[in-house]
Amino acid sequence: MKPAPGVVKEILPNGLTVLVAEDHASPVVASNLWVRAGYFDEEDHEVGISHVIEHMFFKGTSDRPRADQIATEIKGLGGELNAGTYYDSTNYYIVLPSENFRRGLEVQADALMHPLFDPEELKREIEAVVQEGRRKIDTPAAYALEMLFEESFEAHRIRRWRIGGEADLRALTRDRLLAYFHDHYVPGRILLAVVGDVKASEAIEAAHVYLGGMPAREGAPLGSPPEPPQGRFRCRRLQGDIRRSYTLLAYHTPPVLTEDDLALRVLSHLLGSGRSSRLFQAVKEQKGLVDTLGSTLESFRDIGVLTIVAENDPAHGPEAVRAIQAEIERLRQEAPSRAEIERARTAIEFRYNQSRSEVLGRSSILAYYESLGGFALAEEIVERLNAVTAEDVRRVARSFLTLENATLLEYVPEGKGVPAPDPAELAGDLRRVPPAVALPEAAPQRAAGPGAPPVPPRLTRAGDSLGVSRQRFESGPVLLHEERRHLPLVTFCLSFRGGRSAEGRENSGITRLMQAVLIKGSTSRWAREVALEIEGLGSTIERVMDEDYFGFAVSILSRCARRGWDLLMDLVRRPAFRHDEIEKERLIQLAAQETIKDQSLPYTFQLFRQAAFGSHPYSLPSFGLAVPVQSMKRDNLVRWHRATVRPDTMVVSVVGDISEAEAVDFVGSSITDWPPEGFGVKDPGQLLGWGASEVVETRRRRQTAQVIGFPTPGLQTPERLPLDLVQALTSGLGGRFFEEIRGRRGLAYAVHSFNYHRIGGGAFATYLATSPRDEAEARRALFQEIARLRQEGPRREEVERARRFTLGMHSIALQGNSQRAFRYADAEVRGLGMEAVQTYPERLIAVGYEEIHDAIWRYLDPDQCAMGILRGEESNL
């Protein structure tokens with residue numbers, strides 16, 4: 001195994017492994033503690049204990065005894081901390097400004113080596129875990145996936161409800177946590193991966209100082225009882241209070257890093273990853289049987305599982321299963337084409353480089369592969385994946401995608417769908433499904449050959465700032481450019497002012513529908529050709545949707561940048577708006593209007609906007625209203641496109657491995673013959689005052705979700721910055737609202753504040769996820785904290801901690817090309833100017849204490865409160 005470049009490895013005398021990769025592109029660092037213990041390593045009487053330990057890890061030590069002390073300290077260092085538990089690992093990470101790396105590592109080491117696991121705090125956190133489990137039950141796709149594993153596996157621990165049953169969780173004691181911690185959190189099973197703006201020698205030295213004193217000891221056995229081979233087709237149907245159906249298939253696959261596992265990764269990609277994949281094209285695009293569809297391969301040391309997940313109309317479930325089976329049978333009979341394999345290889349190259357664009361992601365990759373045998377595997381796997389052949393893919397399809405090895409789970413709305421089938425009868429029916437017919441690998445159509453070279457458009461430099469240039473073309477488009485050469489990647493972010501903010505109830509949803517159809521083909525390209533072409537470049541076209549603007553983003557390998565940009569602009573400027581694609585996307589959007597009702601935070605926020613924003617366009621649902629979407633015609637979309645997709649409202653942000661001259665050429669050559677037409681769309685104006693109002697919807701759910709908010713002015717006003725600091729001092733770990741409502745009183749699982757600022761106005765809002773019986777008490781606790789803040793004001797040290805945290809988050813958010821391109825475009829298109837992104841730190845530092853207290857008093861007014869509530873029914877618990 002050849003070593004990966006730029007990574008330093010050292011094993012401390014106690015057996016703990018340290019990996020360091022220097023990355024000086026941004027002034028931040030990730031410190032990631034990775035423990036080789038997770039759900040698979042829990043005995044049946046302690047299911048969920050790994051996750052409970054994760055919750056307690058940062059909840060106090062002998063030197064930091066307060067439950068909120070660690071979170072508060074990291075926040076004061078400008079960092080964020082979090083953790084995650086998975087089947088075979090648990091990790092605890094901190095990302096913070098690099099100047100504070102050493103202090104952050106000292107806090108992590110203290111939490112690892114001296115956990116308190118205070119009994120009273122443990123009781124509160126167990127109730128938070130219980131609420132987390134209830135939230136998962138209320139999330140259809142997540143619940144269905146765990147039920148699929150329960151049906152698919154007989155002996156392996158992956159079949160268990162991994163978060164743990166409520167009674168078993170409440171039976172956990174401090175002594176049991178300490179025993180598990182002692183048996184599994186041993187130095188030989190712990191990795192520290194450090195990536196970022198830090199010298200390797202200094203990071204290694206700090207690891208010796210802070211982690212070298214952890215005593216070495218043997219750990220308990222790892223892993224699960226083995227799973228016997230599956231010998232028959234299995235199926236199960238569940239019903240629930242949901243709006244759409246979920247159809248899931250699972251196939252047992254080999255353990256991680258085997259040759260078959262690598263071939264199955266390529267198979268999973270071409271089968272169900274992206275718009276060009278076989279399942280997407282055949283089952284969704286051609287037959288219209290599903291709303292969303294994808295495949296995923298999960299591989300572990302002893303098992304693997306390939307899953308296919310679809311969301312669909314309940315009436316289409318049986319036919320969707322047959323269509324999926326037809327595609328699988330085709331893959332078993334015919335090897336994939338050379339073009340399919342090449343698309344997979346290009347996607348692998350892009351994803352590998354994209355994974356290196358942020359310090360946290362790269363630290364997780366290093367730790368993960370080190371836990372499997374060596375961090376250099378991260379590089380080696382890319383080479384081995386590129387060596388997978390079409391015949392390898394067909395071979396593993398024939399070996400593993402068999403009906404005897406398959407499990408089907410259907411999760412349907414109550415009272416919907418046909419009766420549950422007999423497994424043997426359904427298996428017999430699926431065996432008779434013939435292989436699907438291959439769709440042609442057509443070459444993209446092209447317009448007639450060009451005439452004389454276009455005359456380059458005139459442009460003027462409109463202000464450069466700290467390495468970012470701004471140029472304005474004569475017809476109106478603004479080009480922002482920043483060159484970053486550390487990775488072979490480029491991001492284009494293309495935005496247009498207006499869109500949803502100009503909609504009314506009569507055409508609500510038209511911008512989203514226009515966007516969806518626009519990328520489904522131009523006058524010279526059909527929808528399938530677009531999918532094949534963009535994914536052949538290893539990329540996708542992402543839709544950007546905001547209340548104040550809309551647009552598209554493409555992140556792509558720099559060697560493919562020209563082709564990606566030309567494709568995007570062909571679609572944007574010359575959309576075909578074909579009738580069949582309009583009908584497909586109309587049905588998808590109508591289905592999304594129903595699907596969002598099963599998603600706690602998005603739907604509750606939609607209810608809140610309805611309560612808060614009255615008749616303003618900001619109150620309209622993000623997917624539009626059903627009646628106007630159902631009635632939209634092609635002419636409506638064409639006129640809306642002409643009114644909103646205009647050069648004089650366009651901002652292009654280009655960041656990455658591309659010169660300014662190239663960016664100017666790309667954009668300039670695509671707009672030479674594009675004059676603005678018409679008068680654009682209306683300005684919706686500012687939000688008017690609102691009064692106390694609420695919108696409540698009751699469902700048979702395990703949790704109640706509520707968004708409680710207060711009106712604020714538009715983001716172009718000075719109050720935005722003080723309110724950003726109020727968000728930081730109230731929200732998340734170490735935040736005032738979080739620590740009071742969840743930490744001390746245990747009334748909610750989720751407590752998040754957010755400063756929702758838009759051009760026309762906004763809201764300062766808090767999201768609470770509680771048990772139904774705690775809904776009113778949690779809300780009362782929130783208003784008590786708000787009253788205290790209004791009366792007493794925040795503590796000065798609290799304000800300074802929030803300031804350091806917000807500054808740190810700003811630096812962390814600007815690591816990758818895509819984040820930078822998006823933020824520059826966002827600021828420019830909203831009228832703030834891209835300089836607002838660069839000067840944000842100095843402007844935030846200038847905000848005074850009195851401005852913050854004044855903003856709290858002025859805007860967090862209970863008499864001006866609006867609420868959206870998705871209420872669960874207590875009787876169902």
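Tutor: Let's start with what counts as a helix here: helices (H or I, at least four residues) and strands (E, at least two) are DSSP runs, numbered from the N terminus. By that rule, E785 is found in helix α27. Before going on, keep in mind that this is a predicted model, where local features need pLDDT of at least 70 and side-chain atom pairs count only at pLDDT 80 or more, while totals for chains, interfaces and linings use all residues. Residues are numbered from 1 along each chain as its sequence is written, and side-chain values use heavy atoms, with hydrogens and water left out.

Back to E785. Its relative accessibility is 5%, so it counts as buried (under 20% relative accessible area is buried, over 50% exposed, in between partly exposed, with a 1.4 Å probe and protein chains only). Leaving aside residues up to four places away in sequence, E785 touches R736, F737 and E740, a contact being heavy atoms within 4.5 Å.

Now the whole helix. Two packed helices are described by the angle between their axes and the distance between the axes. Helix α27 spans residues 775–792 and packs on helix α31 (residues 849–859) at about 135°, the axes lying 8 Å apart. Those axes are lines fitted to C-alpha atoms, for helices over the stretch in contact, and the angles run from 0 to 180 degrees between N-to-C directions. The pair is therefore oblique: under 35 degrees would be roughly parallel, over 145 roughly antiparallel and 65 to 115 roughly perpendicular, with the rest called oblique. The crossing of α27 past α31 is left-handed, that is, the near helix is turned anticlockwise from the far one by less than a right angle (clockwise would be right-handed). On the α27 side you'll find L789, R790, Q791 and E792, and they meet Y849, H853, I856 and W857 of α31. That contact divides into 4 nonpolar, 2 polar and 2 charged residues; nonpolar covers Ala, Val, Leu, Ile, Met, Phe, Trp, Tyr, Cys and Pro, charged covers Asp, Glu, Lys and Arg, and the others, Gly among them, are polar.

Helix α25 (residues 720–730) packs on helix α28 (residues 796–813) at about 105°, with the axes 8 Å apart. That angle makes α25 roughly perpendicular to α28. D724, L725, A728 and L729 of α25 make the contact with E798, V799, A802, R803, F805 and T806 of α28. By class, you get 6 nonpolar, 1 polar and 3 charged residues there.

A few loops are worth a click too. F577 lies between α19 (561–573) and α20 (579–595), and its phi is near 50°, a positive value in a residue other than glycine. F577 counts as buried, at 3% relative accessibility. L466, in the loop between β12 (459–461) and β13 (468–473), likewise has phi near 50°, but L466 is exposed, with a relative accessible area of 68%. G831 sits in the loop between α29 (817–829) and α30 (835–845), and G831 is exposed at 54%. From G831 to G463 is 368 residues in sequence and 14 Å in space, C-alpha to C-alpha.
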